[in-house]
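This briefing accompanies the sequence and structure shown below. Its topics are grouped so that each can be read beside the model.

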Amino acid sequence: MIEERSLISKFYNGFNVILIIAITLLCILPVWYTLVVSLSDRAAVAAGNVFLFPKGFTFSSYETIISDSQFLRSFLISVQRVIYGTIITFIVVLLMAYPLSKTSKEFKHRNIIMWLLIFCMLFNGGIVPWFMTMKSLGLINSIWGLVLGGGLPVFNVILVMNFFRNLPKEMEESALIDGAGPWRILFGIFLPLSTPVIATILVFTIVGHWNEFFQALMIMTKNENYPLQSYIRQVTVTLDPSKVDAETAKRLTSLSNQTLNAAKIFISMLPLLVIYPFFQKYFVKGITLGSVKG
Amino acid sequence: MKKGLKIVALSLVAALSVTACSGNTNNGASNGNTSQKESGSGQTAVSTDTFAKYEEPVVVSIGRSIDPSYTYEGNDTAENNLYTRWLLDAYNIEIKHEWEAASSDYGQKVSLAIGSNDLPDAMIVDESQLRQMVKADQLADLTEVYEQYGSERLKQIYDSNEGLLEGVTFDGKLYALPETTLPSAPLTWIRKDWLDELSLNEPKTIADLEEVAKAFIDNKMGGDNTIGVVGTQQGGSLYSTFLSSSDHFLNFSSVFFAKDAYPGIWVKDDEGKAVYGSTTEETKEALAVLRDWYASGVLDKEVGIRKSTQEVIASGQTGIFFGPWWSAYNIMDSIKNDDKANWRPYAIPVNEEGKFNSNQATGSSFIVVKKSYKNPEAVIKLLNIHVNEKEESYKTAVGKELTSQEIPLFLIMGHGDQLNYAVNTTQKVLRDEITLEEVDKLNYGFTYEIASHVKNVKLEPFDNFDIQYWDQESDPDYFSHLYAHLNGGSTFVNADINWVKSLVTSQTKTMQTRWSNLKKLEDETFLKIIMGSAPIEEFDTFVEKWYQQGGDQITQEVNDLQ
Amino acid sequence: MQNRSAYKHYYLMLLPGLLWLCFFNLLPMYGIVMAFKDFNPGLGIFRSDWIGFEHFKYMFELDDSKQVFKNTIIIAVMKMIGNLIVPMLFALMLNEVKNRLFTRSVQTIVYLPHFLSWVIIAGILLDIFSYTGPVNQLLQTWFGKDPILFFANAELFPWLVVISDVWKEFGFGAIIYFAALTSINPEMYEAAAIDGASQWKRLTSITLPSILPVAILLGTLSLGNILNAGFDQIFNLYNPSVYSTGDIIDTWVYRAGLIDMQYGLATAVGLLKSVVGLILISISYTLAYRFANYRIF
């Protein structure tokens, strides 16, 4: 009886593990596929018979990228954008979350401000007015347009605020008795305890800024100012044949290069793939505590 | 069709005037900087030197469509290159880029500029953008500056293209400089080496073409995944329309024309009334053909969603596509991959009476000038310089042939017979019927250029354009030009084409608000019918809906214009 | 206990954020008036003529706008359901495995797709699911099926959108459930084991009840997203043959407002979406507070 049950249980567990492994493999597939294409021969890819393993193994795509100054420039712009973006988000969100984490009894205007944030998260004036605002603020062609243009990251504020609300009240109370002001409480008590949630919003910000491509198409007037995702989108979007004419036909010496594009895409994924495992243990905590009452 | 001339336009560029400016500076200096307002009504055009060099540099800021993969000479850019430096040098016209965008994002950028009223001095727009700008009163009235500063050659070109300027004249004011149009019919490109291998005859009708495609598939001519007929790719359209005409490159216009259907343009019905071609019974029949082709596997299964049809052609998977004469430029990759690939164009499929139909599209690019720009004449001058071919060749001045990537505000401009002349004259030179010196170098610079290379490239027999009778190696640059002109161009200029022209080539009032939604309905329905996800009867529902949702009123407006 | 003297510090802390909000969120909102105007770019927004609710009237006349609202809700609701259930199931499955190294590695890998942009994933998906792509080749060799045009099929398209979204987010979404599961007191399991409860019994009587509140809460919270079907994803995946089921409010507004230059109409549709969004968020705020005594914000 007992043996029978453990057999079923073993079978069940084995099946479970296999299923998990299958699902997990499904998650790396696109990255793997991109890598495979980038390392394959162009003709083999065009003929459509490259899937799990590279055919006609070659590094030529990567060699081409190394000499592509635009790719490098765009890469650096993205890096710069991510750095500025995370620093600013960190400071602003942290400062904002503290007063908002107070109850409306402790800070009377808290609810009004909170609903203002929610309102701003939902409503927008459309692309054209946004562009005109950016123009009047002098942010055309500016990296700051990319850093700030998306507006206040309200979601991150909520996340950190909820985290603060779930911190034990007693510490703050005893600090208050010791005569500590809001600044000392925030930086001396809350901040050291908030590594998980800070790491979480940093990850969100890094991912958001790294993957965003649309704003740059609007506010950058030169391709050389494009961040990486906008650049990649531009090289991978194929030409619309109804817009091709004899002049273009003559100019285009060769077609879009699938293997080269795959290599570019792969390199663009790389930074995030490298850093997120390091943040993993933090954002697991951060998300949990930020959104659900502990 | 409209853009068939771009190649030729390059030659016009190559004939830019250097001496014109230096020779006439003294004359031009007097009115170079004075705007025409001051010259008043007393001015008689006689004294205006349309090429005069400005005394002080005049800046023209433009929005520019660029090709990010284009390689410039040295450190040159779209904004600073041989051509722009020369413009500054010889004419004191300085080109500044207000913004630039890849061609795929250009339209979006123009819309943004219009919507935010943040316009460059000049840019190239399409028809609906032009309309919107006229409506918003954002454009400079070019009537007078064109009169005064338009060169003789420029006016000649516009005069030879009837109705072109009227199309951009609103309430008696000229608001844009349109591109000229050149007829260009979609030819059917077929792998002749496959035809020969299977001992098939050249197809004539739609049924013939279907048989050939089936034979290609059955015999796996392009490998296991041979595709019968390829065409429209993702984001592309099934046929060109009266608003965005194209040269029918990689679409299915040919099939519609062979059924006497003219979708996308305005035609006359039996009673002589205007009707939108996409709503006619003929269009339904043509759709039925494409639907059958799709169902039986003749048509590319990924039509309309394929990322790049050209990739399929290059990889040798298909033996049939539709495209204009210059499609020969786009099969270079295919030839590179397979030296036996012998693509030949045919003026088919013909309709039941044996006629080869094509619609005659209109230009869809316009140079517009911002209302508040102080030197609108500078833009006219740019175009003067662009089309000037009376003087010493530009190529001699800077020693390089240039493209739309160097030349700002590039429009296709020219007389209708450029291609004919190029094709016929080159052949005459090849056969030694005339000497190179007899080629009209002044008026047809590009013809002269390719004619002077033709003997390096074309092998005997001279009247056979099969791929094996070409020398691809010794002069590769001119191989592609000559291959396109002789293999593609000759079929086109010798074809007997029944032209049909759209009754209107611009938007009416109701179209401005309703057209994009109607067009969406049309694109969606047609693609679904072809791909079999909607029954053919869906066409009738479409027509009904189309009239209901604004088509009635629009048809009325078009009829009122007649 | 805190007096009003803290207020000035609070406001000082809020200042940078509020400035950011003013310049980049609030300032561009003047554009909303375009919904009620016959916008003429030459005149500018303020000098254009008022036309009242014309755009809204036209919007309701238009078959298109009804369709996009319907598509948006269908896709968004299916995503909500998928993103609620799949991460929970996955977390439960992984919870059964006791090897720490294994679970950690699996977790790391399933988070991965969350970090990739839709620009990139869409490109890869279109490749893999193309007519001659790997998926169709497998279908053909293993099941002898005729190839299917996945992303051109209007019936399949919403499903593909939902599945690919769930695929991209389930790992990341499972984080909360992992946490909830680890917080269950292991003694409860031990006690149950001693009582002879089967694996299944332990699952239904201990594990599920302890994560159910989390699931309910997350479900409520996602209510506000009912009109967000995912612009980036659909924008990069769709084509005209799937407009009938795949075109959503955001993609439609983008095309109308920028490509087709129907600025007023696009703003009107966008505004309606925002209003509905605000109502929904208010509802979920109230629900969460009333029934879970939990404040979302």
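In helix 17 of chain B, the buried residues are Gln418(B), Leu419(B), Ala422(B), Val423(B), Thr425(B), Thr426(B), Gln427(B) and Val429(B), where buried means that 20 or more other C-beta atoms lie within 10 Å of a residue's own, exposed means 12 or fewer, and partly exposed covers what is in between, with C-beta atoms placed from the backbone. Helices (H or I, at least four residues) and strands (E, at least two) are DSSP runs, numbered from the N terminus. This is a predicted model, in which local features need pLDDT of at least 70 and side-chain atom pairs count only at pLDDT 80 or more, while totals for chains, interfaces and linings use all residues. Residues are numbered from 1 along each chain as its sequence is written, and chains are lettered from A and ligands numbered from 1 in the order in which they are written.

**Confidence**

- Chain A has an average pLDDT of 84, with 88% of its residues scoring at least 70; pLDDT is the predictor's confidence in each residue, from 0 to 100.
- Within chain A, the lowest confidence falls in helix 14 (residues 246–251), with a mean of 59, and the highest in helix 7 (residues 143–148), at 95.
- For chain B the mean pLDDT is 82, and 87% of the residues reach 70 or more.
- Residues 1–46 of chain B stay under 50 in pLDDT, and the model has 132 contacts beyond four places in sequence for them, a contact being two residues whose C-beta atoms, placed from the backbone, lie within 7 Å.

**Helix 17 of chain B and the residue that follows**

- Helix 17 (residues 418–430) of chain B has 13 residues and reaches 18 Å from its first C-alpha to its last, close to the expected 18 Å, the expected span being 1.5 Å times one less than the number of residues.
- The helix is followed by Asp432(B), whose phi is positive, near 60°, and this residue is other than glycine.
- Asp432(B) lies in the loop between helix 17 and helix 18 (445–451) of chain B, and it counts as exposed because 9 other C-beta atoms lie within 10 Å.

**Other backbone features of chain B**

- Lys220(B), also a residue other than glycine, has a positive phi near 50°, and it is placed in the loop between helix 10 (206–218) and helix 11 (253–258) of chain B.
- Lys220(B) has 10 C-beta neighbours inside 10 Å and therefore counts as exposed.
- Ile348(B) and Pro349(B) are joined by a cis peptide bond with omega about -5°, and Pro349(B) is found in the loop between strand 11 (343–346) and strand 12 (356–360) of chain B.
- Another cis peptide bond, with omega about -5°, joins Glu460(B) and Pro461(B), of which Pro461(B) lies in the loop between helix 19 (454–457) and helix 20 (476–494) of chain B.

**Domains of chain A**

- Chain A is divided into domain 1 (2–46) and domain 2 (67–291), with bounds that come from an automatic or database domain assignment.
- Nine residues of domain 1 are in contact with eight residues of domain 2 in chain A.
- On the side of domain 1 that touches domain 2, helix 1 (2–38) and helix 2 (42–46) of chain A each supply at least two residues, and the largest share, five residues, comes from helix 1 of chain A.
- By class, that side of domain 1 has five nonpolar, three polar and one charged residues, where Ala, Val, Leu, Ile, Met, Phe, Trp, Tyr, Cys and Pro count as nonpolar, Asp, Glu, Lys and Arg as charged, and the others, Gly among them, as polar.

**Chain C and its interface with chain A**

- Chain C has 13 helices and two strands, and 40% of its 297 residues count as buried.
- The radius of gyration of chain C is 24 Å, whereas a compact globule of 297 residues would have one near 19 Å; the radius is taken over C-alpha atoms, and the globule rule is 2.2 Å times the number of residues to the power 0.38.
- The C-alpha trace of chain C spans about 80 × 75 × 30 Å along its principal axes.
- In chain C, 68% of the contacts between residues at least 6 apart in sequence join residues at least 24 apart.
- 66 residues of chain C are in contact with 69 residues of chain A, and helix 1 of chain C gives the most to the chain C side, with 13 residues.
- That side of chain C has 48 nonpolar, 17 polar and one charged residues.
- Met13(C), in helix 1 of chain C, counts as buried because it has 21 C-beta neighbours inside 10 Å.
- Leaving aside neighbours within four places in sequence, Met13(C) is in contact with Leu95(A), Met96(A), Tyr98(A) and Pro99(A).
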